[in-house]
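Let us take a walk through a protein together. Have a look at the sequence and the model first, and then read on.

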Amino acid sequence: MTKLFKYYNLHLQYFSRNVKLFLIGGLFNGIGFSVFSLLFNLYLIENGFSEAEIGKILSWGSLGSALVAIPAAILLERVHVRKVLIISTILASLAYFMSIYSKILSFIFFFIFFANMFLTVYRVSIAPFFMRNSTKRERIFLFSFNGAIGILSQLIGFMLGGYLPKLLMSLNFTDSLAIAYEWSLYLSVIGSLISIIPFFKIKQMPIPETRKRFINRFKDYSWQIIIRLMIPRLLVGMGAGLIIPFMNLYFKLVFGADSSSIGTFFSILQFFLFLGMISTPFFVKKMGMLRTIVLTQLFSIPFMFILALSNNLSLAVIAFIARGTLMNLSQPVASNFEMEIVKPNEHAFTNAVSTLSWQGSWTISALAGGYIIEKYSFAWSFYITIVLYLLSSISYFAFFRNKKSQTAQ
């Protein structure tokens, strides 16, 4: 562990001032929106909305995310990323604020749609921003460290989100749980707005020159590479959508675990995810990007077999943590790999297509996953996911085994 911190400290010195400011802002942004994601459904239930209505609200949010991905890429080719970070954060926060303030279902649909749209614009801008503000020597550390910051912000956000309503009620601010949820959500929005302070201090970098119209550039994109990148991304997203949204139900329905136990399992997973993220550069240094992606996905497959077949809760929890850590370890590497393998003027567009591929496949497979679990069993969702992950790994290796980027360290 000491060696790990020394290794990171060496490469952290290479991070530019812009990158450090972004990471600070991203931490506050992640904490605020993590509190919101934890409490919003509970707030809706407490205010009398049904599960079906909440499902429709979440679907509108997913639709907003999917529709804006490509337009966000076009925007990033013309506008400084600093402006995008600031404006998208402000507009997303405003839309989330109004989704809390609005008590009419149709208004909530509207504001959640735009909130997720603006938040996706923010997320699509991250990878191109990193590519413009870093060099190859520290880039894998940067993508991995950003992933670790995301996990840390979620962990802090979930802890705050669980504590805030109780704190407000204990301080006699209100004796209504619905109002405690509401004001906790308002505070989460304010917390996310803190991120614009470091964002304002980011120095604007020159935008890569694009003289052609978008239609002409669209034709000139490296479609053969982009499509090959997206096929394994789609397969992983489809597999993840079949199982990840239902893991809490898996522990409850298969093993009879209560909510506090399930919360403990997920908290332990967050801890190992953090360790996995910061360890990623060591794997890349030893194996290169491509082998790290392929092997971590393949090594997660035996643990999914355990989840499908096990009747032992302890064994299932170990498999759950191992599978989650291995699969998430590959995500920052895959993002960095995508950016390294395409041209600089294709970074924003490729990242947008990647976001669309993941979001779209996840949304569709999550709908299918609920049907498969209800009609057959959790085991069948794991079996299908195993096949999809295996196909994804084969695709990565078949498409890119001869590319120089696989050995980037």
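**Before we start**

This is a predicted model, in which local features need pLDDT of at least 70 and side-chain atom pairs count only at pLDDT 80 or more, while totals for chains, interfaces and linings use all residues. Residues are numbered from 1 along each chain as its sequence is written, and side-chain values use heavy atoms, with hydrogens and water left out.

**The whole protein**

The protein has 17 helices and zero strands. Here helices (H or I, at least four residues) and strands (E, at least two) are DSSP runs, numbered from the N terminus. Of its 409 residues, 52% count as buried. Buried means under 20% relative accessible area, exposed means over 50%, and partly exposed lies in between, with a 1.4 Å probe and protein chains only.

Now think of contacts, meaning heavy atoms within 4.5 Å. Among contacts with a separation of 6 or more, 85% are between residues 24 or more positions apart.

**Two salt bridges**

Side chains of opposite charge can pair when their charged atoms come close. How many salt bridges does the structure hold? There are two, where a salt bridge is a side-chain nitrogen of Lys or Arg within 4 Å of a carboxyl oxygen of Asp or Glu.

| Salt bridge | N to O distance |
|---|---|
| K103 and E182 | 3.5 Å |
| R233 and E338 | 3.6 Å |

In the pair of K103 and E182, K103 sits in the loop between α4 (81-101) and α5 (105-124) and E182 in helix α8 (residues 177-193), so the bridge ties together parts that are 79 residues apart in sequence. K103 is partly exposed, at a relative accessible area of 41%, whereas E182 is buried, at 14%. Leaving aside neighbours within four places in sequence, E182 is in contact with Y43, I100 and K103.

The bridge between E338 and R233 links distant parts of the chain: E338 is in helix α15 (residues 313-341) and R233 in helix α11 (residues 223-243), 105 residues apart. Are these two residues buried or exposed? Both E338 and R233 are buried.

**Helix α7**

Helix α7 (residues 136-170) has 35 residues and should span 51 Å at 1.5 Å a residue, which agrees with the 51 Å between its end C-alpha atoms. The expected span is 1.5 Å times one less than the number of residues. A kink of about 30 degrees lies at Y163, shortly before the proline P165; the bend is the angle between axes fitted to the seven residues ending there and the seven starting there. After α7 comes N172, with a positive phi near 60 degrees.

**At the surface**

I24, F28, I194 and I197 form a nonpolar surface patch with about 330 Å² of accessible area together. Patch residues have over 30% relative accessible area and no salt bridge; like charges are joined within 9 Å, and nonpolar side chains (Val, Leu, Ile, Met, Phe, Trp, Tyr) within 5 Å. I24 belongs to helix α2 (residues 17-46) and is partly exposed at 42% relative accessible area.

Finally, A398 is in helix α17 (residues 378-400) and is partly exposed at 40%. A398 and R228 are 170 residues apart in sequence and 9.6 Å apart in space, C-alpha to C-alpha.

Notes
Areas by Shrake-Rupley, 256 points an atom, 1.4 Å probe, with all protein chains shown as cover.
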